Amino acid sequence: MDGPTGQGRGPAARDWARALAEWAIPPEIMATAERSPWAHPVHRFADRADAAVARPGGPSFERARAALAASPGTVLDVGAGAGAASLPLAPWTSAFTAVDRVPAMLDAYRERAAALHRPAAAVEGAWPDVAPGVAVHDVVVCHHVVYDVADIGPFLRALTGHARRLVVLELPPRHPLTWMAPLWQAVHGVVRPTRPTADDLVAVLCELGLAGDLVVDRWRRAEEPDVQPLAERAALVAQRLCLPQSREAEVAALLDGVDRSGLGDVVTLAWPGSP
Ligand SMILES: C[S@@+](CC[C@H](N)C(=O)[O-])C[C@H]1O[C@@H](n2cnc3c(N)ncnc32)[C@H](O)[C@@H]1O
């Protein structure tokens, strides 16, 4: 047990880091990549933010809104992308802060916050490195970021320490690229990992002493998880598989037979802040 006063790197946090490290792409395959297999295309997250603002809903939104309903407050969005997690809360929010390590994501965020007539500060950098320069906010949201974070204990601690009222963290039950395992097997003969999972994250929260008032909602997004045309999806999947553009048609054919039914599954974790 790491407990509230430890480094945040107890057995469950180390287990999370070990499981994430298994996702490293074998170096001989990585050496053939022409583009980063891990890139987050900004336009996809911009579309996602626009859809979330147009049709707000789901447990993550409802939990954050409930925490702001009695009196509007400030919202900090960590790993903000273009703002899908926070901008739907604009009617209950006096000011936003977005943290992201990708400047183009922050540009997309600022543009959308301005359209909603809300002040938005943008902090470029990696959480929790930049956390000491960020003020405490009423609500902290962090959606679809943690599978990118190896040193998870200090990351979660800093989220908690920056929330006066509530932290709302959303993640898929499994690593978001788990569905691609059959493609890795078919193209490279490589077996991809199956952990960490949302349950592993809950284990870390327990270890940090944050599970006492933790609320867990397991749910499924109502809308289609992916509406991009097949050719566009194949282009991104080829990039993720470290394949050149010349093999996108082959990937499109493979994609046809891959089970993507679990892609809309989501877990919302919410716990009280503790500045
Ligand atoms: C998958 S996107 C999710 C974006 C947005 N939260 C959403 O739900 O649409 C993850 C974002 O987190 C950012 N990110 C990942 N790790 C981060 C870290 N340690 N600190 C700051 N930003 C991070 C990435 O640059 C990316 O914009």
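**Around helix α4**

Author: Happy to, and keep in mind that this is a predicted model. Let's begin with helix α4: its buried residues are covered by elements that include β1 (73-78), β2, β4 (137-143), β5, β6 (215-220) and β7 (265-272).

Reader: Which residues of α4 are the buried ones?

Author: Helix α4 runs over residues 59-69, and its buried residues are Ser60, Phe61, Arg63, Ala64, Ala67 and Leu68. Ala64 turns up again in the largest nonpolar core, as one of the residues that touch the most other members.

Reader: Nice, tell me about that core. How many residues does it have?

Author: There are 62 residues in it, and besides Ala64 those touching the most other members are Val78, Tyr109, Val139, Val140, Val167 and Val204. The strand giving the most to this core is β5, residues 163-171, with 6 residues.

Reader: And what does Tyr109 touch?

Author: If we skip its neighbours within four places in sequence, Tyr109 is in contact with Ala80, Ala82, Gly83, Ala98, Ala120 and Ala122. There is also a second, separate core of 8 residues, with Leu183, Ala234, Cys242 and Val251 among them.

Reader: Is it buried or exposed?

Author: Leu106 counts as buried, because it has 23 C-beta neighbours inside 10 Å, and the cut-off for buried is 20 or more. Leaving out residues up to four places away in sequence, Leu106 touches Ala98, Asp100, Ala122 and Glu124. Ala98 and Ala122 are also among the contacts of Tyr109.

Reader: Switching topic: what surrounds the ligand?

Author: The ligand has 20 residues around it, and the closest are Gly79, Gly81, Ala84, Trp127 and His143. Two elements give two or more residues to this shell, namely α3 (42-54) and β2 (93-100). By class, the shell has 11 nonpolar, 5 polar and 4 charged residues.

Reader: You mentioned Trp127. What's the peptide bond from there to Pro128 like?

Author: That bond, from Trp127 to Pro128, is cis, with omega near 10°. Pro128 sits in the loop between β3 (120-124) and β4. Another cis peptide bond joins Arg195 and Pro196, with omega about 10°, and Pro196 is in the loop between α7 (181-188) and α8 (198-207).

Reader: Why point those out?

Author: Because most peptide bonds are trans, and most residues other than glycine have a negative phi. On the phi side, His144 has a positive value of about 60° although it is not a glycine. His144 is in the loop between β4 and α6 (152-161), and with 19 C-beta neighbours inside 10 Å, His144 counts as partly exposed.

Reader: What about the phi of Cys242?

Author: Phi of Cys242 is also positive, near 65°. Cys242 is in the loop between α9 and α10. With 20 other C-beta atoms within 10 Å, Cys242 is buried, and Cys242 is one of the residues of the second core.

Reader: So how do α9 and α10 cross?

Author: The axes of α9 (residues 230-240) and α10 (residues 248-255) come within 8 Å and cross at roughly 110°, so the two helices are roughly perpendicular to each other.

Reader: Which residues meet there?

Author: From α9 there are Leu230, Ala231, Arg233, Ala234, Ala235, Val237 and Ala238, and they meet Glu248, Val251, Ala252 and Leu255 of α10. By class, this contact has 9 nonpolar, no polar and 2 charged residues.

Reader: Last one! What does Arg164 touch?

Author: Arg164 is in strand β5. Not counting residues up to four places away in sequence, Arg164 touches Val136, His137, Asp138, Gly273 and Pro275. Arg164 and Asp138 are 26 residues apart along the chain, and their C-alpha atoms are separated by 4.6 Å. Arg164 counts as partly exposed, with 16 C-beta neighbours inside 10 Å.

Technical notes: Residues numbered from 1 in each chain as written. Predicted model: local features only at pLDDT ≥ 70, side-chain atom pairs only at ≥ 80, totals over all residues. Near = placed C-beta within 6 Å. Helix = DSSP H or I, 4+ residues; strand = E, 2+ residues; numbered from the N terminus. Nonpolar A, V, L, I, M, F, W, Y, C, P; charged D, E, K, R; others polar. Core = buried A, V, L, I, M, F, W, Y, C linked by C-beta atoms within 7 Å. Buried ≥ 20, exposed ≤ 12 C-beta atoms within 10 Å, placed from the backbone. Contact = placed C-beta atoms within 7 Å. Axes fitted to C-alpha atoms, helices over the stretch in contact; angles between N-to-C directions. Parallel < 35°, antiparallel > 145°, perpendicular 65-115°, else oblique.
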